[in-house]
Amino acid sequence: MRSPTATPDAAVSHSRPRKAGAGLLSRLVAIFSLALFSLPSWADSLFWTLDPAGPVARSERYTLIVDAIIMAVIVIPTIILTVIFLRRYRASNTKAGYAPTWSRSIALEIGMWGIPLIAVGVLGYFVYTGTQAADPYHPGAIEDQAGASSQPALTIDVIALDWRWLFVYPKQHIATVHTLTLPVNRPVRFHLTSATVTNSFFIPRLAGQIYVMPGMHTQQLLQADKRGTYTGFSAAQSGAGFSWMRFKTHVVKPAAFQRWVARVQASPDHLTHARYEKLVQPTIDTQGKRLYFSSVAPGLFDYVTNEVRNGKVYPTHLFAGKKMK
């Protein structure tokens, strides 16, 4: 006669694996869906990073490739040895050696500990030198390159809005939205802040991403040595419209840059404090409409930072149907 508890116990023991398997399957589906959904964004940034157009981006590509090779030296042999051990010491292999009293192997321990230690040391060296080369404040990749430019760095103030990038050229007294123009072979120093929430400024072919935080200043220094048009965007989810925060970076000859500045200085639009207060409001702008301002309120960058530090909170929600002004 069966025990009265046999059936419930059997039911429980059989139901648990099914629940665990279903949970694992649902997690795998969710991970795959997320990776597939985000494929265009990270694939684009990866391909752009592998095709640099400036010394800082080239140094980052070099560090990325070296890091991948060093990690492959550990990962690939580990995968191969795992497959070999699984096949050789499987239960059905009666020819496999059996050593129940085995305790240690000097050669095996040297390989297990020595190779990772060497890899970590080499990796640490390249990470350190790569960090120095791409330092946002003093990138060695620009300072150490042959024929480094003797021109002073062009200063641009970058303000992250919801959901646009505002670029202010303080010495040229102009500003733009959703478009950036730089002279070729000249260092460009960005001063960055945010008027609302934390964001991330990224031009993959010119330099790595850097976080932009409300009420705080940070910097990025880069240089483009190839003329062309490069995509920049927000690399951090910062709200409903962060995917609209894409802009074109036009790298042109110095003479063409001066002509562009003159054209912007002829714009009838002026970036006063009142105009800025309208510009900072969350706006639907899926097409990335470009704006040009022929004058900028003095000290606008510090004004934005101080307003946030003093507790001013700009709206961060999106009003349906609101159009760009």
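Biologist: Where is the place of His178?

Modeller: This is a predicted model, where local features need pLDDT of at least 70, side-chain atom pairs count only at pLDDT 80 or more, and totals for chains, interfaces and linings use all residues. Residues are numbered from 1 along each chain as its sequence is written, and side-chain values use heavy atoms, with hydrogens and water left out. Strands are DSSP runs of E, at least two residues, and helices are runs of H or I, at least four, numbered from the N terminus. His178 sits in the loop between β3 and β4 (179–183).

Biologist: Is His178 buried or exposed?

Modeller: Buried means under 20% relative accessible area, exposed over 50%, and partly exposed in between (1.4 Å probe, protein chains only). His178 has 2% relative accessibility, so it counts as buried.

Biologist: What is the phi of His178?

Modeller: Most residues other than glycine have a negative phi. His178 is not a glycine, yet its phi is positive, about 65°.

Biologist: Is His173 buried or exposed?

Modeller: His173 lies in the loop between β2 and β3 (174–177). Its phi is also positive, near 60°. With a relative accessible area of 52%, His173 is exposed.

Biologist: Which residue does a cis peptide bond join to Asp162?

Modeller: Most peptide bonds are trans. Here omega is about 0°.

Biologist: How far apart in space are Phe167 and Phe190, C-alpha to C-alpha?

Modeller: Phe167 lies in strand β2 (residues 165–169). Phe167 and Phe190 are 23 residues apart in sequence. In space, the C-alpha to C-alpha value is 9.3 Å.
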